[in-house]
Amino acid sequence: MSHLRTIRRQRHFTQVAVYVATGIDQSLLSKYERGLRVPSTRDLMLLAELYQTSVDYLLERTDVVEPYPSKGCR
């Protein structure tokens, strides 16, 4: 999951800063970034929001970094 590490570094976050912002343990984040574990849906959503990108980008289903437009409230 190289996109996880790449975007974290592009956004100038340390793994500890991500832990503070999301509650995702640093050791677990490290495993996600090295491809040893697959992030839960909850963790993907937290990371996508923090990094201002899409879950698809984090899962390497796209190379487009920009998030999808919000649907807003109806």
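Here is a quick tour of the helices, the core and a few single residues in this model.

This is a predicted model, in which local features need pLDDT of at least 70, side-chain atom pairs count only at pLDDT 80 or more, and totals for chains, interfaces and linings use all residues. Residues are numbered from 1 along each chain as its sequence is written, and side-chain values use heavy atoms, with hydrogens and water left out. Helices here are DSSP runs (H or I, at least four residues), numbered from the N terminus. "Buried" means under 20% relative accessible area, "exposed" over 50%, and "partly exposed" in between (1.4 Å probe, protein chains only). "Contact" or "touching" means heavy atoms within 4.5 Å.

**The core**

- The largest nonpolar core has 12 residues: Leu4, Ile7, Val18, Ile24, Leu29, Tyr32, Leu44, Leu47, Ala48, Tyr51, Tyr57 and Leu58. (A nonpolar core is a set of buried Ala, Val, Leu, Ile, Met, Phe, Trp, Tyr and Cys residues joined through side-chain atoms within 4.5 Å.)
- At least two residues of this core come from each of helix H1 (2-10), helix H3 (26-33), H4 and H5.
- H4 gives the largest share of the core, with four residues.
- Leucine 4, one of the core residues, touches Tyr32, Glu33, Pro39, Leu47, Tyr51 and Leu58, not counting residues up to four places away in sequence.

**Where H1 meets H3**

- The axes of H1 and H3 come within 7 Å and cross at roughly 120°. (Axes are lines fitted to C-alpha atoms, for helices over the stretch in contact, and angles run from 0 to 180 degrees between N-to-C directions.)
- That angle makes H1 oblique to H3. (Under 35 degrees counts as roughly parallel, over 145 as roughly antiparallel, 65 to 115 as roughly perpendicular, and the rest as oblique.)
- On the H1 side the meeting residues are Leu4, Arg5 and Arg8, and on the H3 side they are Leu29, Tyr32 and Glu33.
- Sorted by class, this contact of H1 with H3 has three nonpolar, no polar and three charged residues. (Ala, Val, Leu, Ile, Met, Phe, Trp, Tyr, Cys and Pro count as nonpolar, Asp, Glu, Lys and Arg as charged, and the others, Gly among them, as polar.)
- Glutamate 33, which sits in helix H3, counts as buried because its relative accessibility is 4%.
- Apart from neighbours within four places in sequence, glutamate 33 is in contact with Met1, Leu4, Arg5, Arg8 and Gln15.

- Asp43, Leu44, Leu47, Ala48 and Tyr51 are the buried residues to look for in H4.
- They cover an arc of only 130° around the axis, so they sit on the same side of H4. (The arc is that of the directions from the helix axis to the C-beta atoms.)
- Turned away from that buried side, the other face of H4 carries the exposed residues Thr41, Arg42, Met45 and Glu49.
- H1, H2, H3 and H5 are among what covers the buried residues of H4.

- In H2, the buried residues are Gln15, Val18 and Thr22.
- Their arc around the axis is only 55°, so they lie on the same side of H2.
- Val16 and Val20 are exposed, on the face of H2 turned away from its buried side.
- The buried residues of H2 pack against H1, H3 and H4.
- Tyrosine 19 is also in helix H2, and is partly exposed, with a relative accessible area of 42%.
- Not counting residues up to four places away in sequence, tyrosine 19 touches Ile24, Asp25 and Gln26.
- H2 is followed by glycine 23, whose phi is positive, near 85°.

**Loop residues to check**

- Serine 54 lies in the loop between helix H4 (41-51) and helix H5 (55-58), and at 4% relative accessibility counts as buried.
- Beyond neighbours within four places in sequence, serine 54 is in contact with Ala48, Thr62, Val64, Val65, Pro67 and Tyr68.
- Most residues other than glycine have a negative phi.
- Histidine 12, in the loop between H1 and helix H2 (15-22), has a positive phi near 60°.
- Histidine 12 is exposed, with a relative accessible area of 73%.
- Glutamate 60, in the segment after H5, also has a positive phi, near 65°, and counts as partly exposed at 38% relative accessibility.
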